[in-house]
Amino acid sequence: MTRNIILQNVGEDLKFNIVPDSRVKKVKLVTDPYLLPDDIIKQVNETFESELELGLKKNPTELSSLQMANTFVPKLFGHEKGDFLALDVGGTNFRVILLKLDPERELDCIVKYYTVPEPLRLGEGELLFEFLAECMHDFLEDKGLLGKKLPLGFCFSFPIIQTGIDEGILITWTKSFECKNVVGKEVVEMLKHAFSKQKGVNVDVVAIIDDVTGTMMMGSYLDKRSAIGMILGTGCNAAYFERVERIEKWEGKHPGIDEVIIDIEWGAFGDNGVLDFMKTEIDKDVDQASLFVNNFTFEKLFAGEYIGDIVRRVLSLLIEENVLSKCSMESWTFTAADVSNTLEESNLQKILESLKSKGFLQATLEDAEIVHYVCTVISVRGALLVSICLSSLLRRMGKEDVTIAIDGSLFKHHPKYDKYMEKFIATLAPNQKFQLILAEDGSGKGAGLVAAVVTSLDASLLHS
């Protein structure tokens, strides 16, 4: 069982300095299943490519765990100019944004934040959309734009089935939303109807997107080479430019459009069991303890919502095996921030102080090094899994030079993720030139950029 890919790239980070060999062996008995051998890496890659192809088919023989949703969003041309609105709804707080685009100047962005009260998040759906329209009226009035006709991109970060650039049917609510009479309905139509009731709101909703599509468009604005977007935060998802002729399920002719963004929805990769071969017992326990069992399989292996809990469960196992000092607290937590903070710190004394503050009163410097090692192992696995899929996309597209635009708290705050990804991708896609960039606030600004692109095209071409 060789682990050349991991050892050649991050082997230096997987060394112990002060923990004695006898104890190291016991630690590795528990942690080695998270260090993926080369043959498992190959199998994950082949599985991803198979699921991806299946998701693009018109009439697949079996369902893919990858939705491969056609967003109908084409490339940013770079000559877009004018004022464009964005409405970014994905949680308790939402934003209205005015983008002023001019190829000769830097992007000018005016933002106003609003909060959705709980009764509206749980009440009648129509009332939620009326509230969004009222906030839009407030924003336009505040900026002296009432009555002005403006195109709007709607970033709606909930699972939808998209049937066109400006059509999205809600599959299910997530997060803290559970509005009645919206699931199964076309949400852009509901938003337009609410706008029509507000005097002076002369807004044309020209596109609906989710946050990963927005991130990709923000990446395209920052760097014309951007062809992949990824969210790596609480959850994880990615999107990329696919050639139109490869999207078998998008029938008809699409003159003038060579590529569109495909939203992979890869957080759910493996929901059909195709990744069971690589899951550990702790992975299965994390799934069973989650809100949505047997859903979001891929992101549960590494995303911000789960990485801290995986580390906590591995540490708990080491405590049971008498390899790690016990915690005096009956229950203790370990979060994604704890993982990042631990790996930010090369001083074991600081890690030890953090452990003691969590109730590990008998902990030693050796314990601190073990905790640092476990955080490294789990982070390496996450970075590697993401890199396997990104490398596959790079090879598939075969472009000369690709920028991967990334947003999300885990990528932004984890001190090693970007370095690990760069090394793994370079190994797994050796002939592909690439770079990673942070494309912050894609969900908002990206929606406005999509509106700009759509208004310069014949939107009738951007439907199923």
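Good morning. I begin with Asn181, which is found in the loop between strand 7 (167–170) and helix 6 (187–196). Helices (H or I, at least four residues) and strands (E, at least two) are DSSP runs, numbered from the N terminus. The model is predicted, with local features needing pLDDT of at least 70, side-chain atom pairs counting only at pLDDT 80 or more, and totals for chains, interfaces and linings using all residues. Residues are numbered from 1 along each chain as its sequence is written, and side-chain values use heavy atoms, with hydrogens and water left out.

Asn181 has a phi near 60°, a positive value in a residue other than glycine. Its relative accessible area is 48%, so Asn181 is partly exposed; buried means under 20% relative accessible area, exposed over 50%, and partly exposed in between (1.4 Å probe, protein chains only).

Asp441 is not a glycine, yet its phi is positive, at about 60°. Asp441 is partly exposed, at 22% relative accessibility.

Finally, I come to helix 8 (residues 281–288). Which residues of helix 8 are buried? They are Ile282, Asp283, Val286 and Asp287. Seen down the axis, these buried residues fall within an arc of 145°, so they line one face of helix 8; the arc is that of the directions from the helix axis to the C-beta atoms. An α-helix has 3.6 residues a turn, so residues three or four places apart point the same way. On the face of helix 8 turned away from the buried side are the exposed residues Glu281 and Gln288. Helix 9 (304–320) and helix 12 (365–397) are among what covers the buried residues of helix 8. Thank you.

How values were computed:
Contact = heavy atoms within 4.5 Å.
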